Amino acid sequence: VADVPADDIAAGGGAVAVSVGTYNALALTRAGGVVQWGDIGSVTIPDAARANVTAISAGDRLNLALTREGRVIAWGDDMQAGMTCHLSTIGVPQGAE
């Protein structure tokens, strides 16, 4: 995994959570943003995961963020399956609000 982008994490008030996958890592900042580093190809953090995030998970080549509204944001690059997911939003289940 590449060097940690300490300036980006500090700009968000510091890290409150870190998740490390096989090829990349994520930090959840105190401000509710997500910072990503490592080798995940050309895929960047979607706008929907740049604020109001409460939890993160870095996988092999897929990342997840849970928003305050209960939405799951997925992004990544699954080269083995030939899939690139720049943004996928899963809504809030009925009765979960």
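Predicted model: local features only at pLDDT ≥ 70, side-chain atom pairs only at ≥ 80, totals over all residues.
A contact here means heavy atoms within 4.5 Å. Keep that cut-off in mind for each stop.

Residues are numbered from 1 along each chain as its sequence is written, and side-chain values use heavy atoms, with hydrogens and water left out.

**Stop 1: the whole chain**

Show the cartoon. The protein chain has one helix and seven strands. Helices (H or I, at least four residues) and strands (E, at least two) are DSSP runs, numbered from the N terminus. Trace the chain from the N terminus: the order is α-β-β-β-β-β-β-β.

Of the 97 residues, 37% are buried, meaning under 20% relative accessible area. Among contacts with a separation of 6 or more, 33% join residues 24 or more positions apart.

**Stop 2: T67**

Select residues 62-67. This is strand β5, and T67 is in it. Is T67 buried or exposed? T67 counts as buried because its relative accessibility is 6%. Leaving out residues up to four places away in sequence, T67 touches A48, N52, V53, T54 and I73.

**Stop 3: N63**

Stay in β5 and pick N63. Its relative accessibility is 0%, so N63 counts as buried. Show side chains for N63 and N24. They make a polar contact at 3.1 Å. That term needs a pair of N or O atoms within 3.5 Å; within protein, one must be able to donate a hydrogen and the other to accept it, and residues adjacent in sequence count only if both atoms are side-chain atoms. Beyond four places in sequence, N63 touches N24, L26, Q36, I40, S57, A58, I73, A74 and W75.

**Stop 4: the nonpolar cores**

A nonpolar core is a set of buried Ala, Val, Leu, Ile, Met, Phe, Trp, Tyr and Cys residues joined through side-chain atoms within 4.5 Å. Select L26, L28, V34, V43, I45, A49, V53, I56, A58, A65, I73 and W75: these 12 residues form the largest one. Colour β2 (24-29), β4 (53-58) and β6 (72-78), which each supply at least two of its residues. β4 gives the largest share, three residues. Finish at a second, separate core of five residues, including I9, A25, A27 and W37.

Technical notes. Buried < 20%, exposed > 50% of the residue type's maximum accessible area, 1.4 Å probe, protein only.
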